[in-house]
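Reader: Please walk me through this model. I would like the overall build, then some individual residues.

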Amino acid sequence: MDDNPREETLDPQNWDDLRALAHRMVDDMLDYQKNVRQRSVWQAIPSESKAQLDQPVPRAPQERSAIYEAFKTHVLPYPIGNIHPRFWGWVIGTGTPLGMLAEMLAAGMNPNLGGGEHAANYVEAQVLNWFKELLGFPRAAGGLLASGGSMANLIGLTVARNARAEVALREVGLQGAPRRMVLYASEQVHNSVHKAVMALGLGLESLRLIPTNDAYAIDLDALEAQIKRDRADGLHPFCVVGNAGTVNTGAFDDLNALAEVAAREGLWYHVDGAFGALAALAPDLKPLTAGMERADSLAFDLHKWMYMPIEVGCVLVRDAEAQHSSYLAAAGYLAHGERGIAGGPHWFGEYGPQLSRGFRALKVWMGLKEHGVEKYGRLIQQNVDQCRYLVQLIERSPNLELVAPAPLNVVCFRYVRDGLSADALNALNEELLNQLQESGVAAPSYATLQDRYALRVANVNHRTRREDFSVLVEEVVRFGNSA
Ligand SMILES: *Cc1c(COP(=O)(O)O)cnc(C)c1O
C-alpha cells in the first residue's frame, strides 16, 4: 500500500501569491464601483474579446494572474450596464459594494442551505422573518429565498395549484383532475407567470388574461364576468394573480378588491410584487400596496428595488404547511436527525424545488443591517420622486410625450414631431433608443403600449441623481431632432 501517493487539491500551492492577487481584485472592484459614473453605461464588445470568449476548453493550467488579466480585458469593460447611474432598462437593480463583499463571504463559507443545523440556515430564516414583518405576513407563514421573481412566482403558483386542486395533485397530477383548472391575471402580468403556468402543466389557455383600465390595472368587472363564464362552462377557477407594480408601467391592481374576489370565489390569491411590493417600505407609497398583505402567496425580488446583487428574490406563503406539502418528497438520505448536522429546524429544501441552495441570504442580512430598512424606504421614495421629476421634464418639452401614467418608478415616453405617421414615430423612437444605448450615455429599455413604441425608464437605481434625468431628456431631444 502506497502511503504517499501524489494527491492533488484545488487549493493554491502558494497562499501568499493568491492573497496578493485577492487584494488586487478587491481594490480593483471597489474602484470599479466607485468610479462607475465616469464610464459609459454600455459599450460594444470588440470582436477580439468575443474571439477570446470562444476558445477551446483549457486542458493545461494557466497563470491565475493571466486569467484575471483576461477577465479585466475581455469581460469587465463590457457589462450590461446596470450598476451605472444612468441605467434604467428592464427592471435590473444596481447591487451595492457591501453586497459584493457579502457574495465573497458567502462563497468562502460555501454552505448548502437545503437543510441541517448550521448558522447560514438561521440567517435565511431571519431574513424571511424580517420580510414577513415588513410586508404584513404572520411569523408562522412559510417562505423561501429564490433566484428571483420568476422562481418566486413559480413556487407560489405551485402551492396554489396543489392547495386548490380537487384531487391529491401531488399523487395523481393534473391528469387526475376532473375539471380544467383556470387562473386569472391582468393582461399586463409578467411573462414569468406565463412560464410558471407552462411549467405547471396548466397550459397557457388556462391563464385567463383580463383586460386593464386606463391605469393599466385589472378590470374587476371583466374579471368577475370571466370567472362566471368559466364556472358556467364547467371549469375550475382556482387562483387570481394580482400585480403590485406591472413591468410595463408600474401599475397596481386594486389589491384589496382582488382579495375580496378571491375570498368570495374561493380562489388562491397570489401577488406578483417583483419590485412594487417594496413600495410598502416607503410610508407615502405604502397605500398603493394595500391588500397585498391579504395574499396567500407573495412573490418579490430583492435584486430589484432592494438593490441587492443578483440573484435574490423571495416568496412568502401564508400557509407554511401548504408550501411544505407541495415540495416534501421523503428520501432516506435526507432524513432529519435529533442531533448533529442533520438536526435543526430549517429544511428549506422541503419548501421549494432546489435541494442544494446557496447562501444568498447573507447579502440581504448584511445589507439590511448596513443601512437599516428605513433608508431603503427613503431610496424607494427617492426613485419615485426622481421619476416625477422626469415626468415634469417630459411635460415641459414640446418634443416629448408621456405614453402611459407613471404612478411609481416606471416612466414610458417618446419623442414626437409634427407630420410623422404612427409607424414613422415608432421607427424613430426605436432608432433613438438604439442610439442612446450605443452612445453609452443612458440605457432605458422600451415598451409597446397601445401600438406606440415608448422609451421606458424603470428606476431601481440608488446611484441615479436628478441631473441624470436631465441628461437623458437633453440627449433624447438632441438625437430626435437630428434624426
Ligand atoms: C422582473 C419581474 C419578474 C421576474 O423576476 P426575475 O427576478 O427577473 O426572475 C416578475 N414580475 C415582474 C413584475 C417583474 O418586474
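This is a predicted model: local features need pLDDT of at least 70, side-chain atom pairs count only at pLDDT 80 or more; totals for chains, interfaces and linings use all residues.

Author: Residues are numbered from 1 along each chain as its sequence is written, and side-chain values use heavy atoms, leaving out hydrogens and water.

Reader: How many helices and strands does the chain have?

Author: Both are DSSP runs, numbered from the N terminus. Helices are H or I with at least four residues, and strands are E with at least two. The chain has 15 helices and twelve strands.

Reader: Which radius of gyration does the chain have, and why does it agree with a compact globule?

Author: The radius is taken over C-alpha atoms, and the globule rule is 2.2 Å times the number of residues to the power 0.38. With 483 residues, the rule gives a value near 23 Å, so the chain agrees with it at 25 Å.

Reader: What share of the residues of the chain counts as buried?

Author: Buried means under 20% relative accessible area, exposed over 50%, and partly exposed in between, with a 1.4 Å probe and protein chains only. Of the 483 residues, the buried share is 51%.

Reader: Why does N121 count as buried?

Author: N121 sits in helix α5, which covers residues 119–135. N121 counts as buried because its relative accessibility is 0%.

Reader: Which side chain does the side chain of N121 join in a polar contact?

Author: A polar contact is a pair of N or O atoms within 3.5 Å. Within protein, one must be able to donate a hydrogen and the other to accept it, and residues adjacent in sequence count only if both atoms are side-chain atoms. The N121 side chain also reaches the backbone oxygen of G115 at 3.2 Å. Its side-chain partner, at 3.1 Å, is H118.

Reader: Is S186 buried or exposed?

Author: S186 belongs to strand β3, residues 181–186. Its relative accessibility is 0%, so S186 counts as buried.

Reader: Which residues does S186 touch, not counting residues up to four places away in sequence?

Author: Contact means heavy atoms within 4.5 Å. A polar contact of 3.3 Å also joins the side chains of S186 and N243. The residues touched are L209, I210, T212, I218, N243 and D253.

Reader: What separates the C-alpha atoms of S186 and A168?

Author: Along the chain, S186 and A168 are 18 residues apart. Between their C-alpha atoms, the separation is 29 Å.
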